[in-house]
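Work through these exercises with the sequence and the coordinates open. Try each task before reading its solution.

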Amino acid sequence: NDLFALVGLPATGVVAGRDQLALLANGVKVLTHTVTAAELAAGSVLLPFGALADGRVLLTARIDAPGADGVESKGILLTVDTVAAKPTLALTAASDTGDSAADGITSGANPLVFAGTAEPGASVTLYRAGQLNAPLKTVTANLSGAYSLELAFDEGVTPLVVGLVDAFGNGPSYSDTLTLTVDRTAPGFPDFAITAVTSAGSQGDLATDRIINAAESARTLTVSGIAPVSENGRSVTLSIGGKSYTASVVAGRFSAEMSAGDVAQLASGNIVASLTDKAGNTGTTTQAFLVDRQPPTIQLDAVSDGYVNDAEDELPVPVKGSTVGAENGQIVSVGVSDGTSSFSYLASVTGGSFTALIPAVDMKRLQPGSVTVTARVADLAGNDATPAVRTFTYDPVARSEEHTSELQSLAYLVCRLLLEKK
């Protein structure tokens, strides 16, 4: 703002103390000065004048006599630049991966490339916002005012600015803050996981036994899971049995449903869930499952020899049988009924066989006659076997009468022996 003009004075035709020296900027008078004899003798005068507006200025001078303006001198063309332009800062589209190429969220590999606009020839320096005493890198803008720079960043959030000092020394002027978020980690366990696979109308969670049985194959299937809350609104793609299903992340959870028709076509395999985060990282989580629609079979052996008498009902009566397709440890439910009273017992499958015991106290509560035994079992998948049914005859009375007859005969024989001795 402290500008001086050195103006050469003509040797003749100027009257000291009368004539005015005028200084003009783009034809507009910015200063007048009365010429002195000393200045005429020196042949020049140094004139201070105030600030000029930024831009191109043609500076000229003339000598004005009273009532008559003189002729302007040849001029000097000036470029006035007192302000550094505000630069811009952004990641290049190649480095800004994910949803947007302009949001500063990226999974891009190092080095990341930044670019922006500045003044031609300006010095552009990258800083962490708030750390302007620690420059990260400096480059020079080209003749078009464009610049680019490369720098490596670890994962995390880093606010950045660039400062500009132009070719005339003005500045620094700073860009708006770019919040750089570097995320190279794909969503994964435990934040991203399938947590439940449920069948409509089923009490169980297939994610626990990971088996779809015959009944479940005829129902809709729901796959649920968790995802980072930061991915709310994003889509999870579920691949099951060669088909894809889409679920939206809401409050950190997702859920998708398979139709019963699709479930019926499934074979054993994997449920694969995939999620691409805002930075462009794609993570997957997998849940294996089996399809077992084949029910086991079960059969009962004859109870006792088909008859239980009053001697046999003094001890627990074994109910034995076998099963094919029911795994070791599966529970067999055995029901015993005479049509009036019913009792239930449990047995465990071991090596394809099982044995349940009817306690003597229960046996004696049954009515004499035909007794029905029913055995039921399911495999690990939950497929139910067709129940096995057997009957036996409970006959405690016949045995009792036989004992009474034998005792009477023995008593008769003892009495006869005693009489013969007499």
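**Exercise 1.** Which side chain does the side chain of Thr125 join in a polar contact?

Solution. The model is a predicted one. Start by placing Thr125: it lies in strand 10, residues 123-128. Next, look for the polar partner. The side chain of Thr138 is joined to that of Thr125 by a polar contact of 2.8 Å.

**Exercise 2.** Decide whether Thr125 is buried or exposed, then list its contacts beyond four places in sequence.

Solution. Take accessibility as the opening step. The cut-off for buried is under 20% relative accessible area. Thr125 has 9%, so Thr125 counts as buried. Now collect the contacts, leaving aside neighbours within four places. They are Pro135, Lys137, Thr138, Val161, Val162 and Gly163.

**Exercise 3.** How many salt bridges does the model hold, and which residue meets Asp99 in one of them?

Solution. The cut-off is a side-chain nitrogen of Lys or Arg within 4 Å of a carboxyl oxygen of Asp or Glu. The count is 9 salt bridges. In one of them, Arg234 meets Asp99 at 2.5 Å, N to O. This pair links distant parts of the chain, 135 residues apart. Arg234 sits in the loop between strand 18 (221-226) and strand 19 (235-240). Asp99 sits in the loop between strand 7 (90-91) and strand 8 (105-106).

**Exercise 4.** Classify Arg234 and Asp99 as buried or exposed, and find the salt bridge between Arg234 and a Glu.

Solution. Arg234 has a relative accessible area of 14%, so Arg234 is buried. Asp99 has 51%, so Asp99 is exposed. Then turn to the Glu. The side chain of Glu231 meets that of Arg234 in a salt bridge of 3.3 Å, N to O. Here both Glu231 and Arg234 are buried.

**Exercise 5.** Which residue forms a salt bridge with Lys243, and which elements does the pair tie together?

Solution. The partner is Asp262, with the closest N and O atoms 2.7 Å apart. Asp262 lies in helix 3 (residues 260-264) and Lys243 in strand 20 (residues 243-248), so the pair ties together parts that are 19 residues apart in sequence. Check accessibility last. Asp262, at 16%, counts as buried. Lys243, at 43%, is partly exposed.

**Exercise 6.** Which residues are linked with Arg62 in a network of salt bridges?

Solution. The network links Arg62 with Asp64 and Asp69.

Technical notes. Residues numbered from 1 in each chain as written. Predicted model: local features only at pLDDT ≥ 70, side-chain atom pairs only at ≥ 80, totals over all residues. Heavy atoms only, no water. Helix = DSSP H or I, 4+ residues; strand = E, 2+ residues; numbered from the N terminus. Buried < 20%, exposed > 50% of the residue type's maximum accessible area, 1.4 Å probe, protein only. Polar contact = N/O pair within 3.5 Å; in protein donor to acceptor, adjacent residues only side chain to side chain. Contact = heavy atoms within 4.5 Å.
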